Amino acid sequence: DIIENNVNGILVPVKDSNAMAASIISLLGDPENARIMGEKAKARITKKCAITLHVEKIQAVYQSMLTD
């Protein structure tokens, strides 16, 4: 849900060290793509995991408990 393959990161199969190594080598060979993916990853995390979102959700829970 957070990582989009080859958009803001690279997904590899679990316990597949060859795939992990190939992905790392690929990123090392294309630093511009690595930079772009890193920027997209940061933007996605900032949007999806912002502290204000969590605070709003917690406030909503408390508010619903007070009004019940």
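I take helices (H or I, at least four residues) and strands (E, at least two) as DSSP runs, numbered from the N terminus. I am working on a predicted model, where local features need pLDDT of at least 70, side-chain atom pairs count only at pLDDT 80 or more, and totals for chains, interfaces and linings use all residues. Residues are numbered from 1 along each chain as its sequence is written, and side-chain values use heavy atoms, with hydrogens and water left out.

**Entry 1: salt bridges**

I looked up salt bridges (a side-chain nitrogen of Lys or Arg within 4 Å of a carboxyl oxygen of Asp or Glu). The structure holds three.

I began in helix H2, where Arg-35 and Glu-32 both lie, three residues apart, about one turn of the helix. Their closest N and O atoms are 2.5 Å apart, and they form a salt bridge. Arg-35 also forms a salt bridge with Glu-39, with the closest N and O atoms 2.4 Å apart. That pair lies in H2 too, four residues apart, again about one turn. I noted a network of salt bridges linking Glu-32, Arg-35 and Glu-39.

Next I checked exposure (buried is under 20% relative accessible area, exposed over 50%, partly exposed in between, with a 1.4 Å probe and protein chains only). Arg-35 has 39%, so it is partly exposed. Glu-32 is partly exposed at 42%, and Glu-39 is partly exposed at 47%.

Then I turned to Glu-4, which pairs with Arg-44 in a salt bridge, the closest N and O atoms being 2.9 Å apart. This pair links distant parts of the chain: Glu-4 is in the segment before H1 and Arg-44 is in H2, 40 residues apart. Glu-4 is partly exposed, at 36%.

**Entry 2: Asn-8**

Is Asn-8 buried or exposed? I found 6% relative accessibility, so Asn-8 counts as buried. Asn-8 sits in the segment before helix H1 (17-29). The side chain of Asn-8 reaches the backbone nitrogen of Glu-4 at 2.6 Å. A polar atom of that side chain also lies 3.1 Å from the backbone oxygen of Ile-2. I listed what Asn-8 touches (heavy atoms within 4.5 Å). Leaving out residues up to four places away in sequence, the list is Ile-2, Ile-3, Met-37, Lys-40, Ala-41 and Arg-44.

**Entry 3: H1 against H2**

How do the axes of H1 and H2 cross? I used lines fitted to C-alpha atoms over the stretch in contact, with angles from 0 to 180 degrees between N-to-C directions. The axes of H1 and H2 (residues 31-48) come within 5 Å and cross at roughly 105°. H1 and H2 are therefore roughly perpendicular (65 to 115 degrees; under 35 is roughly parallel, over 145 roughly antiparallel, the rest oblique). Leu-27, Leu-28 and Gly-29 of H1 meet Pro-31, Ala-34 and Met-37 of H2 in this contact.

Key:
Polar contact = N/O pair within 3.5 Å; in protein donor to acceptor, adjacent residues only side chain to side chain.
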